[in-house]
Amino acid sequence: MTKPGYINAAFRSSVNGEVYLFIDDKYVLLDYAPGTGNDKVLNGPKTLSAGFKSLAGTVFGTYGIDAAFSTDNNEAFIFYENLTALIDFAPHTEDDKIISGPKKISDTFPFFKGTVFENGIDAAFRSSKGKEVYLFKGNQYAHVDYGNNYLVQSIKNITAGFPCFTGTIFENGVDAAFASHRTNEAYFFKGDYYALVKFDPTGTDDYIIGTVKLTLDNWPSLRGIIPQQN
């Protein structure tokens with residue numbers, strides 16, 4: 001389970017260098033300034049229902065988002081417990097809308113029926129290859145082609161697909177993740193910590209860039225935002 005008050009979902013914006021981070025029922029839009037340490041908050045913290053008008057009155061607007069990943073243009077899949085929706089997040093406007101859903105994960109992704117993923121997703125990030133995405137639940141991950149809606153390979157333990165996480169806090173689970181605008185790089189979060197990973201979209205030749213680090217030591221704009229005090 002994600003610790004309350006910490007980052008529990010994220011997705012890369014269609015605007016270069018920007019990411020949406022979700023903390024309980026709130027979110028921030030961040031210029032994450034990859035590789036510089038000059039990150040800054042562009043919007044928020046706001047409640048989801050205030051920042052995403054289309055989510056007001058839905059489970060997402062009320063309770064928050066467990067996981068998310070952006071697809072193409074201004075679209076993203078969002079997840080809460082066993083539900084998912086595809087949204088147009090309409091960056092820097094108030095024109096966001098729900099394209100489809102909310103509906104059960106197993107109705108949108110039928111290959112998840114009978115697996116741990118039908119009851120919820122912990123984290124996800126978009127691959128740099130085609131319309132592929134990695135989704136995480138507990139100590140397992142799924143590699144999915146969401147365009148053609150199939151499992152690219154069988155569900156496996158995280159360390160089988162991301163051997164760089166062996167012996168780290170991420171080997172048994174991920175709270176949130178998002179793909180950087182830098183090719184084949186992704187950020188992973190768990191509690192107080194994060195890791196930047198160079199991932200291999202065709203195999204398992206991935207590695208952590210540097211080490212697992214304290215988020216607030218390297219994301220100064222989030223000081224005072226996480227952990228969120230309710």
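This is a predicted model: local features need pLDDT of at least 70, side-chain atom pairs count only at pLDDT 80 or more; totals for chains, interfaces and linings use all residues.
Is Asp-122 buried, exposed or partly exposed? Asp-122 counts as partly exposed, because its relative accessibility is 22%, and buried is a word kept for residues under 20% relative accessible area.

**Salt bridges**

- A search of the whole structure finds six salt bridges, among them a pair formed by the side chains of Lys-137 and Asp-122, which meet at 3.8 Å from N to O.
- This pair links distant parts of the chain, since Lys-137 lies in strand E10 (residues 132–137) while Asp-122 lies in the loop between helix H3 (105–108) and E9, 15 residues apart.
- Another salt bridge is formed by Asp-72 with Arg-126, whose closest N and O atoms are 3.5 Å apart.
- Because Asp-72 lies in the loop between strand E5 (67–70) and strand E6 (75–80), and Arg-126 in strand E9 (residues 123–126), the pair ties together parts that are 54 residues apart in sequence.
- Asp-72 is partly exposed, with a relative accessible area of 26%, whereas Arg-126 is buried, with a relative accessible area of 10%.
- Asp-72 and Arg-126 also belong, together with Lys-131, to a network of linked salt bridges.
- Asp-25 forms a salt bridge with Lys-26, and here the closest N and O atoms are 3.5 Å apart; Asp-25 itself is partly exposed, its relative accessible area being 25%.

**The cavity**

- One cavity of 30 Å³ or more is found when the whole structure is searched, and the volume of this largest cavity is about 40 Å³.
- Strand E1 (7–12), E5, E9 and E14 each supply at least two residues of the lining of the largest cavity.
- By class, the residues of this lining divide into nine nonpolar, one polar and two charged.

**The second largest pocket**

- The second largest pocket has a volume of about 230 Å³, and 15 residues line it.
- Of these lining residues, Gly-35, Tyr-187, Tyr-194, Leu-196 and Asn-218 lie nearest the centre of the pocket.
- The lining of the second largest pocket is made up of seven nonpolar, six polar and two charged residues.

- Ile-169, Tyr-193 and Leu-214 make a nonpolar surface patch of about 230 Å².
- Ile-169 lies in the loop between helix H4 (158–161) and strand E14 (176–179), and with a relative accessibility of 37% it counts as partly exposed.

**Backbone features**

- In general, most residues other than glycine have a negative phi, and most peptide bonds are trans.
- A cis peptide bond joins Gly-44 and Pro-45, with omega at about 0 degrees, and Pro-45 lies in strand E4 (residues 40–47).
- The peptide bond from Gly-101 to Pro-102 is likewise cis, with omega near -5 degrees, and Pro-102 lies in strand E8 (residues 97–104).
- Ala-33 has a positive phi of about 45 degrees although it is not a glycine; this residue lies in the loop between strand E3 (26–31) and E4, where it is buried, with a relative accessible area of 14%.
- His-92, also a residue other than glycine, has a positive phi near 65 degrees, and it is found in the loop between strand E7 (83–88) and E8.
- His-92 is exposed, with a relative accessible area of 54%, whereas Ala-33 is buried.

Notes
Residues are numbered from 1 along each chain as its sequence is written. Side-chain values use heavy atoms; hydrogens and water are left out. On a 1 Å grid over the protein atoms alone, a cavity is a set of points where a 1.4 Å probe fits but cannot get out, and a pocket is an open set with protein on both sides within 12 Å along at least five of seven lines; lining residues have an atom within 4 Å of a point. Grid points are joined across faces, edges and corners, and a volume is the space filled by probe spheres set on the points. Ala, Val, Leu, Ile, Met, Phe, Trp, Tyr, Cys and Pro count as nonpolar, Asp, Glu, Lys and Arg as charged, and the others, Gly among them, as polar. Patches are made of residues with over 30% relative accessible area and no salt bridge: like charges are joined within 9 Å, nonpolar side chains (Val, Leu, Ile, Met, Phe, Trp, Tyr) within 5 Å. Accessible areas come from the Shrake-Rupley method with a 1.4 Å probe; for residues, only the protein chains shown count as cover. A salt bridge is a side-chain nitrogen of Lys or Arg within 4 Å of a carboxyl oxygen of Asp or Glu. Helices (H or I, at least four residues) and strands (E, at least two) are DSSP runs, numbered from the N terminus. Buried means under 20% relative accessible area, exposed over 50%, partly exposed in between (1.4 Å probe, protein chains only).
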